[in-house]
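Try each task before you read its solution.

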Amino acid sequence: MAETDADQVPVTDFPGEGGESRWRRIAREGLWDNNVAFTQMLALCPLLAVTSTATNGLGLGLATLFVMVASAALISALRGLITDPVRIPVFILLIATLVTLVDMFMEAYLNRLYQALGLFIPLIVTNCAILGRAEVFASRHPPAEAVFDGLMMGLGFTAALVVLGGVRELLGSGTLFQQAGLMLGDTFAFLEVTVLPGYPGFLLTILPPGGFIALGGLMAGKRLLDRRREAA
Amino acid sequence: MSELVAGPHTRAPLSLPTLMRQVLLAAFPATAFGIWLYGWPALYLLLITLASALAGEALSLRAAGRPVRSGLSDGSALVAGWILAMSLPPWAPWWIGAIGGLLATVLGKGVFGGTGQNPFNPAMAARVALLIAFPAAMTRWVAPAPLGTEQAPGLLDSLRITFLGRADWDAVTSATTLDATRTAVTQGQDLQAVLPEAYEPALAALGYAAGSLAEGSALLLAAGGAYLIYQRVISWETPLVLLATLAVLATGTHALDPQRYNDAGVHLLAGSTILAAFFIATDPTTSPATTAGRAIFAAGCAAIIWIVRTYGGYPEATAFAVLLMNACTPLIDHWIRPRVYGRTRQGAPLATGKEEA
C-alpha cells in the first residue's frame, strides 16, 4: 500500500486551542484522536499483514516507531534546506536510509523477528503514515515538536498493531505474545501468556480476512467510545 | 415525502414475511428427511443454528437502533439460519451451529446494513467462514443412520454427540461421493473403478448418502424448488440455467475422458448442487436484477462449481461458487439493465409514431 496521499491527512492547527498545552495536544492527537491506523487509516497494508500475533505487531510497531522519530528529527532539522519541488524525493531518501539501518540491525540482532516480518521491514519506506507525518508535521515544525509528534504517532501506531495482533492471536489460538522470547530476546519472554489452555483455535482470525474483520471491529469500537465520550 | 403516482397499481401478493414462510415451507421436506436420515444430532444442530441466527439478528438490529421485534418477524434471519444448517455436517458440534448463526446474521448481514443490504449470501458466507476456520469439524461426514434403526443414536447419546463431540467417529464417518472422486483423481485412479462404491444414482437422488444435513435429497429439494417456482417466489431461469450449464460441462468432458471426469449425474445428484440451484443462487438480494443477468449469474455458478470440483483443492464448491458470483453481481447489474419504459435498450426514446405520420 504505497499511497502517498498526504493531502488526505488533516493539517493540525497549532498552537493548541482552549489553553491546552501544545505538547499535550500532540500526544492526544498521536495516541488517540488522530491515530495513524484507526483514524487516519494509513499503513493498513503492513498492519493487516503482520498482525497475526501480538509479537509480530510489537516488532513492526517498534521498527516503525524508530523510523518515525528519526525521520521527524532529520526532516525537521533540514526543513530550511529542502525546497518545495524536491521535498518528496528527499523525504523518501531520508526515510529509506533509516529503514535500511533498521533492516540491517534487525537482521543482525533480531533474526527470528526479521524472518517473521520479512518484506514488511523494507516496506516501511513506503509506509504512507511516515511520509504523511513528514509532509504534514515535521517539515513545518521545529525539531523538538517534530520528534515528539513522531514518537506519539509511532506509539499510537504500535499500540494499534499490538492490540490488533493481540485480538487476532487471542481469538485465533488462545495465546498472547507467543514466541516473544524467541523473537525479541529473552528479556521479553515474560510476555508470553497462554490465556485459554486447550483452546481449539479459530483459524479465521489469523487469516487475512480475519484481519479485516478484526480491524473493522476495533475501528467501530473506537468510534463508539468517541461518541460516548462526546455525549458525556 | 413519497410522490403520488396515478393508478392503476398491481398489488404484489408477496410480502417479505410471506416470501420467507414459503421458502421455509419449501425447504421443510428435505430438512425433515435429513433429520430422519442422520438422527437427533441433526435436529439439535438445526435448532441451535436457528436460535443463534435469531440472536445474531436481534443483536445487529439493536446495534443499528432498529425495532428488534419487527426485524426478527420478517423471517429473513430464520431463513439464513435454516439454509446454513441445511449445509452443515449433520453431526457437527453445537458451537459450529452457534458460531455459524452469528456469522451469518452479524457478519453476513448486520454489518452491511441488515436485510436487503448484504452483498453476499449470509448462509454461504457463514459456511465458507466455518469451513476455513474449522476444517476438521466441517468435513466430518457421517454415514446415514436413520431414526428407528439400530445405528441411530438415542436422544441422550445424540446430546453427547452434539454438545460434547463424543462419538465413535471411526465407526460412523464416511466419505461423500465427491470426497471419494476427489481422492481418486488426486491419486491418479480411474474414476470408473472408484465410483460404483461411492455412488449409487437411485440412492443419491433420494439423498441416502453421507453429506450435509439436508443437501442430499435431490428429489425433495427439487420438489421444494418447483413449489417456489409455482408460487413465483423464485424465477425458473436461475435453477434451470445452473443445472443445464453444469450438465453440459460434465457431459462434454465425461464423453472425452470418462476415467478423469465425472458425468452429469454425479455432478447434479451428489453434493449440494440442487440445494444451491433452487435455494441459494435464487436469493433475490445477492443475485442480479434482470432475467438475463440471473442467467449469467447461474451459468457462472455452474462453471465455478465444475472447475473447483474437477481441478480445485476442495471436493465441493457450491458455497465458493455462489460467493464469487455474488461478488460479480454488481458488475452484471451494471452491464445488463432493464429497459426503461418508453426507451430502447440503449436509452434512446422510442418512436412515438406521430412523427412518422
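**Exercise 1: two helices**

Find how helix 16 (residues 291-311) and helix 17 (residues 318-335) of chain B are arranged: their axes come within 9 Å and cross at roughly 145°. Axes here are lines fitted to C-alpha atoms, for helices over the stretch in contact, and angles run from 0 to 180 degrees between N-to-C directions. Helices (H or I, at least four residues) are DSSP runs, numbered from the N terminus.

This is a predicted model, where local features need pLDDT of at least 70, side-chain atom pairs count only at pLDDT 80 or more, and totals for chains, interfaces and linings use all residues. Residues are numbered from 1 along each chain as its sequence is written, while chains are lettered from A and ligands numbered from 1 in the order in which they are written.

*Task.* Which residues of helix 16 of chain B meet helix 17 of chain B?

*Solution.* Step one: look for contacts (C-beta atoms, placed from the backbone, within 7 Å). Among those in helix 16 of chain B are B:Gly293, B:Phe297 and B:Ile304, and their partners in helix 17 of chain B include B:Phe320 and B:Met325.

**Exercise 2: one residue**

*Task.* Is A:Phe91 buried or exposed?

*Solution.* Step one: locate A:Phe91 in helix 4 (residues 87-109) of chain A. Step two: A:Phe91 has 24 C-beta neighbours inside 10 Å, so A:Phe91 is buried (20 or more other C-beta atoms within 10 Å; exposed means 12 or fewer, partly exposed in between; C-beta atoms placed from the backbone). Step three: not counting residues up to four places away in sequence, A:Phe91 touches A:Ile75, A:Leu131, A:Ala134 and A:Glu135.

**Exercise 3: two chains**

*Task.* How many residues of chain A are in contact with chain B?

*Solution.* Five residues of chain A contact four residues of chain B.

Methods. Two residues are in contact if their C-beta atoms, placed from the backbone, lie within 7 Å.
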